[in-house]
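Hi everyone, thanks for coming.

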Protein chains: 2
Amino acid sequence: MTASSSRLQGVFSPVLTPFKPDYSPDPDRFIRHCRWLLDQEVGLSVFGTNSEANSMSVSEKQRLLDALLEAGIPPGRLMPGTGCCALPDSIELTKRAVQAGVGGCLMLPPFYYKGVSDEGLYRAFASVIDAVADERLRIYLYHIPPVSSTPISRGLVARLLKSYPTIVAGMKDSSGDWNNTRAMIEEFGPQGFDVFAGSESFLLANLRAGGPGCITATANVNPTKIVQLYKSWRNADADDQQKALDATRAAFAQFPMVAAMKAAIAWKTGRQDWAVVRPPLVDLDAPQRQTLQATLDKVAFTMPNAGALA
Amino acid sequence: MTASSSRLQGVFSPVLTPFKPDYSPDPDRFIRHCRWLLDQEVGLSVFGTNSEANSMSVSEKQRLLDALLEAGIPPGRLMPGTGCCALPDSIELTKRAVQAGVGGCLMLPPFYYKGVSDEGLYRAFASVIDAVADERLRIYLYHIPPVSSTPISRGLVARLLKSYPTIVAGMKDSSGDWNNTRAMIEEFGPQGFDVFAGSESFLLANLRAGGPGCITATANVNPTKIVQLYKSWRNADADDQQKALDATRAAFAQFPMVAAMKAAIAWKTGRQDWAVVRPPLVDLDAPQRQTLQATLDKVAFTMPNAGALA
């Protein structure tokens, strides 16, 4: 069991990856965005779904990770996504992340082949763990069936925990199904398995159930208020805070989230290149941007110190 | 428009990738399997779904392609899969394949992000085509919604054909929906767009509708009879031939196809390492192998000259 003090908790963000107009990653803006998030006390789940990580090559991710480390970003605040379709890619990224001293790795199951068995997923995760062969490794299993179409079942979690009790550290549950999150917390929480909610919509529920917090896309744009709820969830106004978070999230969720968040940052910073997404994602068009801005104004959306991102 | 003589047609196989017990690819068996398929007049769609291509890194695929070329496999008989989730990976693999002189590239759309728009998929394919920037490129769009969850719509085909009439050469339709294949042939066939059936189940229908043939997993194990139907589909016994092909396919399809085909080759060659699949796929267990062998015996399954694969 890891010591409680070393366990990751709180609010994490799948950090948006800034691209240049030619679609190449922009390490400078990436570093600035990570620093800004850390200033807001948000941890860095770089290379998540909302980071467009699966639209990037392994070497692009390696270079961005190196850039963060060289810029002095504390590795213990990083929980990079390192799960790929191809076993050697997952091993390479995970090994590199552990050597850098990251706090944990968020690991997608291999997601191309559908209808794979728990036995196959067990072998996939176990192969990565065995190949990395490093006691410092902490894996957070990434359950996001609406995108990966490859669920992480309770049976699979139980089996992995049994084989690798210190390495398998927790989960991000992006199923959108609170009953699943609760069941995971109840069954595996007592073994030190930390089940993060996959969005701030379930942050209050997660904390009340004994969970560690959330890993949420919206923390890229609305970090202050999400962290505020994390810190004050026992207060009387917690339900009201949750409702306010939900309203802001809904404003973004009326459009594809990555494009909407990037459009909002471009708007608030005045840097139009922040709006660039890699195919197959598509940036918002002008009418969509107008609608987004009007909706965000209605919920009194602000980005503190947005200038730091420009 | 490409000259008719240079267009790919006939029976292609997503070539099974032999792995060693440590899961590393075995280039020697790969070369022998490709030679055996060519001897049976089957074209080589290496790095397809049934090749476990999405469980391999870009560099593993590059090395296997190099091994084939060094072994003298004629590049014009190759239609490698080069579509990945990440744009730079697709560009790198496609560029390399075109430089090698392959007959065409079978291109998956980026398949992680779900619900993406035709605009986003258009940008993804166009970005690859523009970056490869080689008039020799011939792309076969890979429509396999049961696995990729990312369909290639007729609207998308029309738009790509308009922008890149010589480069967008055809499609593999693995939807399992014959009505879709027929509609694609009827709408785009007259422009020289070659719609391959995604399995031999639709080979006869494809040829009768004016299609070019099929790209089918089962050609890895049952090439002779599939090619025989391709060559004699106007004969009176064509429907009977199709029924026999369907019965053999059904014997394999009672189990996950890749594991079943590899188990059959291990059985017929006596080489047990042929049964190895990479996670998240799982090899057949002993009772499954027994059932498979019994079913295959019932349909009088044989592999001609299987010794060449051992």
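A quick word on names: helices (H or I, at least four residues) and strands (E, at least two) are DSSP runs, numbered from the N terminus. Residues are numbered from 1 along each chain as its sequence is written, while chains are lettered from A and ligands numbered from 1 in the order in which they are written. Please keep in mind that this is a predicted model, where local features need pLDDT of at least 70 and side-chain atom pairs count only at pLDDT 80 or more, although totals for chains, interfaces and linings use all residues.

So, is Asp239(B) buried or exposed? Asp239(B) is exposed, since 12 other C-beta atoms lie within 10 Å. Here, with C-beta atoms placed from the backbone, buried means 20 or more others within 10 Å, exposed means 12 or fewer, and partly exposed is in between. From Asp239(B) to Pro25(B), 214 residues away along the chain, the C-alpha atoms are 38 Å apart.

Now for helix α7 (residues 178-188) of chain B, where Thr181(B), Arg182(B), Met184(B) and Ile185(B) are buried. They cover an arc of only 160° around the axis (taken from the directions from the helix axis to the C-beta atoms), which puts them on the same side of α7(B). On the other side, Asn179(B) and Glu186(B) are exposed. What covers the buried residues? The cover includes α6 (154-163), β5 (168-173), β6 (194-197) and α8 (203-208) of chain B.

Next, how do the two chains relate? Chain A superposes on chain B by a rotation of 180° with 0.0 Å of shift along its axis, at an RMSD of 0.0 Å.

Finally, the interface. In all, 33 residues of chain A are in contact with 33 residues of chain B, contact meaning C-beta atoms, placed from the backbone, within 7 Å. On the side of chain A that touches chain B, α4(A) gives the most, with six residues. And 100% of the interface residues of chain A are also interface residues in chain B, so the copies meet through the same surface.

Key
Contact = placed C-beta atoms within 7 Å. Least-squares fit on C-alpha atoms with pLDDT ≥ 70 in both.
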